[in-house]
Amino acid sequence: MNLTITPVKLSGTVTPPPSKSQAHRLLICAALAGEGSVIHNLADSQDIRATRRCLAELTTNRRTLPELDCGESGSTLRFLIPIALALRGGGVFTGQGRLMERPQKPYFDLFDEKGIRYERKDNVLTAEGRLTPGEYRLPGNVSSQFFTGLLLALPLLDGPSAIIPTTPLESEGYIGMTLDAMREFGVDIASTRSLPPHYLISGGQKYRGAEVTVEGDWSQAAFWYAANCLGCTVDVRGVSQYSTQGDRVVESCCLELSQPGDTEIDMSGCPDLAPPVAAAAAVRQGTTRLVNAGRLRIKESDRLAAITAALNALGARVTEHPDSLTIYGRDSLAGGTVDCCNDHRIAMMAAIAATRCREPVTLLGAECVAKSYPDFWEHYRMLGGVFHEHTGE
């Protein structure tokens with residue numbers, strides 16, 4: 001689906017969808033508990049459907065190795081690999097887009113150490129073996145998703161385990177969200193006060209059914225906060241100021257960007273904020289550096305390259321570096337055509353940036369927002385956004 005947006009300022013009230021990150025975790029805990037759980041405010045998206053589909057396969061289909069289609073969801077894949085090993089002795093994992101190209105080395109290194117067989121061939125990952133209690137050492141600067149997968153799985157084993165970060169943790173807020181979800185379902189994890197903390201896991205624990213509510217998604221709310229930086233007046237409802245979601249820092253990022261002058265923003269703990277923050281930085285007085293952002297290269301697209309290409313296509317001035325971006329603020333953008341790169345956050349970034357363009361903005365592949373925010377275009381129109389769908393070159 002291609003859309004052409006007529007630039008206008010957005011205004012009104014919007015409630016972003018429930019947190020996709022929290023929903024993945026709560027769904028997994030509920031499945032591990034068996035029956036008796038109720039999850040309120042659970043929205044549909046392609047990634048959430050992937051997790052639900054894989055959980056159904058894991059818990060109901062008793063073939064030797066479950067076949068788990070993870071769609072394009074990195075969370076689904078990385079969370080469920082250790083769980084499949086703990087519950088079923090492994091699994092056959094597939095996906096679409098760039099998913100099966102995304103790094104799994106922290107798991108593979110552990111598998112080599114623990115004697116778990118694995119093979120990645122033709123976009124299919126097969127892992128076979130049983131997790132055993134013990135010590136699991138992981139680098140903290142790759143992705144917190146590896147920690148979450150092990151944290152969810154290791155309490156199911158029959159003995160104690162420990163997860164030890166070998167480098168300082170990035171995106172630690174996401175690990176906190178995992179621990180909160182597990183506590184809701186009766187599983188508790190101790191941690192040391194060392195930096196980085198070590199996670200000490202008692203074996204033989206059981207998840208218990210619970211009634212929980214998914215909170216609003218700060219990752220999606222971030223785009224409306226960015227729109228406000230660009231001169232829109234959007235009242236964002238339904239997100240908790242007390243959330244453990246790492247992307248809640250978008251408020252402080254936008255406050256920083258609302259002041260003139262050069263600034264630097266560290267993306268190591270909130271990589272998903274890079275697209276909305278980059279859009280806000282493109283039209284301001286001053287130069288903005290987004291640093292410690294190398295992990296953005298292994299998302300649905302190479303996001304450092306995709307952000308640069310998209311904003312520069314609209315007339316911004318963005319320079320790409322190996323693990324950072326430099327964005328030179330301008331008074332406005334020209335407009336133009338953006339390839340969304342099948343990346344939901346690039347599409348939403350370009351739509352927000354369009355509010356400060358002088359000419360229309362055409363998005364190629366705008367339907368990719370359905371991965372995480374299926375109602376995005378409906379909300380955009382509700383806030384006064386003007387666009388039309390078209391076909392052709």
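Strand 1 (residues 2-6) and strand 19 (residues 361-364) run antiparallel to each other and are joined by 4 bridges, where helices (H or I, at least four residues) and strands (E, at least two) are DSSP runs numbered from the N terminus, and two strands count as paired if DSSP finds at least two bridges between them. This is a predicted model, in which local features need pLDDT of at least 70 and side-chain atom pairs count only at pLDDT 80 or more, while totals for chains, interfaces and linings use all residues. Residues are numbered from 1 along each chain as its sequence is written, and side-chain values use heavy atoms, with hydrogens and water left out.

Within this pairing, Asn2 stands opposite Leu364 of strand 19.

Another residue of helix 11 (residues 344-353) is Arg345, which counts as buried because its relative accessibility is 4%. Leaving aside neighbours within four places in sequence, Arg345 is in contact with Ser219, Gln220, Phe223, Asp272, Pro275 and Arg303. Asp343 caps the N-terminal end of helix 11, with a side-chain oxygen 3.1 Å from the backbone nitrogen of Arg345; a polar contact is a pair of N or O atoms within 3.5 Å, and within protein one must be able to donate a hydrogen and the other to accept it, while residues adjacent in sequence count only if both atoms are side-chain atoms.

A further open sheet is made of 4 strands in the order 4-5-7-6, and its pairing is mixed. Strand 4 (67-69) and strand 6 (117-121) are the edge strands, each pairing on one side only, and neighbouring strands of this sheet are turned by 15 degrees against each other on average, direction ignored. Strand 5 (residues 90-94) and strand 7 (residues 124-128) run antiparallel and are joined by 5 bridges, and Phe93 has Leu125 in strand 7 as its bridge partner. Helix 3 (residues 74-88) lies across strand 4, strand 5 and strand 7, at about 155 degrees to strand 5. Helix 4 (residues 105-114) also packs on the sheet, where it touches strand 6 and strand 7, and its direction makes about 145 degrees with that of strand 6. In the loop between strand 6 and strand 7 lies Asp122, which has a positive phi of about 50 degrees although it is not a glycine; Asp122 counts as exposed because its relative accessibility is 66%.

Two packed helices are described by the angle between their axes and the distance between the axes. Helix 1 (residues 20-33) and helix 6 (residues 172-184) pack at an angle of about 35 degrees, and their axes are 9 Å apart. In this contact, Ser21, Gln22, Arg25, Leu26 and Cys29 of helix 1 meet Tyr174, Met177, Thr178, Ala181 and Met182 of helix 6.

The loop between strand 9 (161-165) and helix 6 contains Ser171, whose phi is positive, at about 55 degrees, although it is not a glycine. Ser171 is buried, with a relative accessible area of 3%. Ser171 is also one of the residues touched by Ser144, not counting residues up to four places away in sequence, and the others are Glu170, Tyr174, Ile175 and Arg295. Ser144 itself is placed in helix 5 (residues 144-153) and counts as buried at 6% relative accessibility.

Technical notes. Axes are lines fitted to C-alpha atoms, for helices over the stretch in contact, and angles run from 0 to 180 degrees between N-to-C directions. Contact means heavy atoms within 4.5 Å. Buried means under 20% relative accessible area, exposed over 50%, partly exposed in between (1.4 Å probe, protein chains only).
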